[in-house]
Amino acid sequence: MLSSGTAAIHLALRQLGVGEGDVVFCSSLTFVASANPILYQGARPVFIDAEPATWNMSPAALARAMRDAGERGELPKAVIVVNLYGQNARMDALMEICRGYGVPVIEDAAESLGSEYQGRKSGTFGDFGVFSFNGNKIITTSGGGALVSNDTEALDRARFLATQAREPALHYEHSEVGYNYRMSNIVAGAGRGQLEVLDERVEQRRAVFERYYEALSGLAGVAFMPELEGSKSNRWLTALTVDPEQAGVSHLDIIGALGAENIEARPVWKPMHMQPLFEGVEYYSHEEGWSVSDELFRCGLCLPSGSSMTEGELDRVIGVVEEMLR
Ligand SMILES: *Cc1c(COP(=O)(O)O)cnc(C)c1O
């Protein structure tokens with residue numbers, strides 16, 4: 001249990017020996033917290049595009065990136081796979097590629113706590129799994145995170161690094177750099193209570209998605225984020241794309257109209273390979289000449305999706321969006 005999901009990713013990279021000049025592959029379509037810890041370690045990110053069916057890491061793009069890296073003798077030290085907006089990445093295909101090259105996987109499940117994939121819980125597929133209990137996540141302790149793994153030795157070491165790398169000695173002995181990344185006991189207490197309502201929150205978020213889907217999916221130019229067969233998304237956020245040519249309005253027009261009614265909606269995450277912070281960083285698109293995350297960013301938006309939204313609130317959002325799209 002840690003102070004944040006970002007801390008968990010950082011510790012996973014440290015565990016895997018990622019350091020100065022090493023290469024780490026990472027999903028491009030994500031929140032910056034997935035990628036920042038790569039920079040903390042002085043390592044070099046390479047961003048991998050999304051695929052249309054999951055909006056998550058494209059196995060085709062990952063395979064091309066691995067092949068090139070292998071040929072250059074520069075295989076990544078780790079791959080960070082993100083489960084966006086609650087939707088699991090195609091973990092079986094991605095794990096198979098990474099296993100084939102002997103590269104460990106960090107599964108960033110910060111947005112997918114409570115989701116399932118092929119009957120297993122999200123966050124349990126990688127060598128390390130990462131969760132977040134930040135204020136905006138499906139359950140929250142106001143701030144917090146977790147690192148999970150079957151490698152209990154690695155977790156012991158993560159705990160050690162999270163406690164200022166304090167050696168067992170009366171006088172506080174230190175031989176390497178550590179962090180103050182532990183979760184406080186009060187926060188942990190809140191988290192235990194929150195875990196009890198997780199299943200309920202997942203059902204509430206899925207109901208919010210269903211309500212939007214029923215009302216809006218028939219309108220021209222609208223496409224909702226798909227749910228991969230054999231998986232169950234927690235639908236942390238309801239995300240959809242709006243094709244401006246078919247719809248006659250853009251996703252930004254809709255966000256603007258909602259804003260005028262004091263309703264907050266946001267575009268889909270701006271991909272990391274398009275961010276000034278990562279200018280010039282290597283990027284592998286889904287297919288040569290076809291970048292899926294660019295397209296999703298160009299026309300994707302997230303609707304208000306709070307677990308406690310009332311029928312009346314949902315109707316208000318739907319009313320504004322319908323009016324724009326008709
Ligand atoms: C929220 C989030 C994180 C980071 O979690 P914090 O607890 O806020 O540090 C990491 N990755 C993704 C995809 C997130 O959405």
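Student: What relative accessible area does Glu200 have, and how do I read that value?

Tutor: Glu200 has a relative accessible area of 45%, so this residue is partly exposed. Buried means under 20% relative accessible area, exposed means over 50%, and partly exposed lies in between (1.4 Å probe, protein chains only). Keep in mind that this is a predicted model, where local features need pLDDT of at least 70 and side-chain atom pairs count only at pLDDT 80 or more, while totals for chains, interfaces and linings use all residues. Residues are numbered from 1 along each chain as its sequence is written, and side-chain values use heavy atoms, with hydrogens and water left out.

Student: Which residue forms a salt bridge with Glu200?

Tutor: A salt bridge is a side-chain nitrogen of Lys or Arg within 4 Å of a carboxyl oxygen of Asp or Glu. Glu200 forms one with Arg201, and their closest N and O atoms are 3.8 Å apart.

Student: How many salt bridges does the structure hold?

Tutor: There are 20. One of them pairs Glu227 with Arg206, with the closest N and O atoms 2.7 Å apart. That pair links distant parts of the chain, 21 residues apart: Glu227 sits in the loop between strand E9 (222–224) and strand E10 (231–232), and Arg206 in helix H7 (residues 198–216). Helices (H or I, at least four residues) and strands (E, at least two) are DSSP runs, numbered from the N terminus. Glu227 is partly exposed, at 29%. Elsewhere, salt bridges that share partners join Arg44, Arg72, Glu74 and Glu282 into one network.

Student: What about Lys121: how far apart are the closest N and O atoms in its salt bridge with Glu116?

Tutor: They are 3.0 Å apart. Lys121 is partly exposed at 39%, and Glu116 is partly exposed too, at 27%.

Student: Now the ligand. How many residues surround the ligand?

Tutor: A residue is near a molecule if one of its heavy atoms lies within 4 Å of it. Here 15 residues surround the ligand, and the closest are Thr6, Asp108, Glu111, Ser132 and Lys137. The shell divides into 4 nonpolar, 8 polar and 3 charged residues.

Student: How far is an oxygen atom of the ligand from an N or O atom in the side chain of Thr6?

Tutor: The distance is 2.5 Å. For Lys137, a ligand oxygen is 3.3 Å from a side-chain N or O atom, and for Gly5, a ligand oxygen is 2.7 Å from a polar backbone atom.

Definitions and conventions
A polar contact is a pair of N or O atoms within 3.5 Å; within protein, one must be able to donate a hydrogen and the other to accept it, and residues adjacent in sequence count only if both atoms are side-chain atoms. Ala, Val, Leu, Ile, Met, Phe, Trp, Tyr, Cys and Pro count as nonpolar, Asp, Glu, Lys and Arg as charged, and the others, Gly among them, as polar.
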